[in-house]
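Subject: Structure handover

Dear colleague,

Here is the structure for your files. My notes follow below it.

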Amino acid sequence: FIRATVRDNPILMEADPKYVERLENLPEAQRRALLDGDFDVFAGQFFNNWRADIHVLPRDHKIEPWWFKFGGFDHGYNHPYVFGAYAVDGDGNVIKFAECGDRGRSPDQIAGEIFSVCPEAGRLTIQAGHDLWVKGRDGSPEIVEQLRSFGLNFVKAHIDRKTGAARLREYLDWRKDGEVFVKRPRFFVKENCWRTVRQIPAMIYSEGDPEDILKVDATDSDTWAGDDAVDETRYAMMSRPSLSVRPQEVV
């Protein structure tokens with residue numbers, strides 16, 4: 001795929017000199033799509049500050065061993081589970097650097113896949129949805145206890161959808177004056193976390209509540225058509241402080 005924009009079409013530019021000017025005056029979503037070729041943006045998009053060229057880091061982006069690390073987890077069997085590993089750099093930026101997930105996985109398979117993408121997962125505190133603490137209908141132990149037996153450490157996440165979505169959008173937020181950042185984003189995703197890269201820009205507003213994300217489930221034909229990776233991400237991000245609150249000075 002070779003990305004091209006209207007500026008790469010000299011015949012059109014010569015035939016209609018005002019064509020670009022008309023595109024520049026379109027509403028932001030249409031302008032970014034038709035003028036800049038950014039088709040990650042569309043009307044109704046919840047995370048409309050998401051830009052792949054800004055928020056997605058290459059696979060080889062270095063994660064320093066001394067950075068603080070933590071995890072997120074959204075459990076599922078018929079719909080997919082998702083695990084994510086995060087690091088906080090010296091400037092407070094959060095980087096999602098590892099991810100795994102699939103449907104129909106047993107606890108031992110889930111644990112194995114988590115350690116395969118993040119060998120240090122046993123040292124992380126993992127923020128998880130509360131359904132992990134539900135006992136099986138057959139009286140079997142809670143899923144969290146089965147996963148803990150493999151050396152994973154889970155805590156109950158703050159699961160309010162609107163608060164979590166607002167926290168994630170806060171960390172994604174950025175502004176530029178021309179080509180210069182006036183405000184830099186504080187959340188990034190490495191490109192190997194492709195489930196998150198796919199789902200964040202696909203989220204739309206809930207029709208009943210403009211402050212909430214529309215709940216979307218996976219389908220039989222597409223495991224990642226839902227919002228499982230976004231749910232896992234907002235669980236994890238709720239463990240980070242709000243950027244709008246000044247940290248208290250430690251005496």
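Is Trp 224 buried or exposed? Trp 224 is buried, at 8% relative accessibility, where buried means under 20% relative accessible area, exposed over 50% and partly exposed in between (1.4 Å probe, protein chains only).

This is a predicted model, in which local features need pLDDT of at least 70 and side-chain atom pairs count only at pLDDT 80 or more, while totals for chains, interfaces and linings use all residues. Residues are numbered from 1 along each chain as its sequence is written, and side-chain values use heavy atoms, with hydrogens and water left out.

Aromatic rings

Rings of Phe, Tyr and Trp (its six-membered ring) pair if their centres lie within 6.5 Å; planes under 30 degrees apart count as stacked, over 60 as edge-to-face and the rest as tilted. The count by this rule is 10 aromatic pairs. Phe 68 and Phe 70 are stacked, because their ring centres are 5.8 Å apart and their planes at 20°. Phe 68 is partly exposed at 48%, and Phe 70 is buried at 3%. Trp 194 and Trp 224 pair edge-to-face, with 6.0 Å from centre to centre and 85° between the planes. Trp 194 belongs to helix H8 (residues 194–199) and Trp 224 to the loop between strand E11 (209–213) and helix H9 (228–237), so this pair ties together parts 30 residues apart in sequence. Helices (H or I, at least four residues) and strands (E, at least two) are DSSP runs, numbered from the N terminus. Trp 194 is partly exposed, at 39%.

Nonpolar cores

A nonpolar core is a set of buried Ala, Val, Leu, Ile, Met, Phe, Trp, Tyr and Cys residues joined through side-chain atoms within 4.5 Å. The largest has 28 residues, and those touching the most other members are Phe 73, Phe 83, Ile 114, Leu 132, Leu 147 and Phe 154. Two or more residues come from each of strand E3 (81–88), strand E4 (94–102), helix H5 (107–117), strand E5 (125–128) and helix H6 (143–148). Apart from this core lies another, of 20 residues, including Phe 47 and Val 230.

Helix H7

Helix H7 (residues 161–172) has 12 residues and spans 16 Å from first C-alpha to last, close to the 16 Å expected at 1.5 Å a residue (1.5 Å times one less than the number of residues). Its buried residues include Gly 164, Leu 168 and Tyr 171.

Regards
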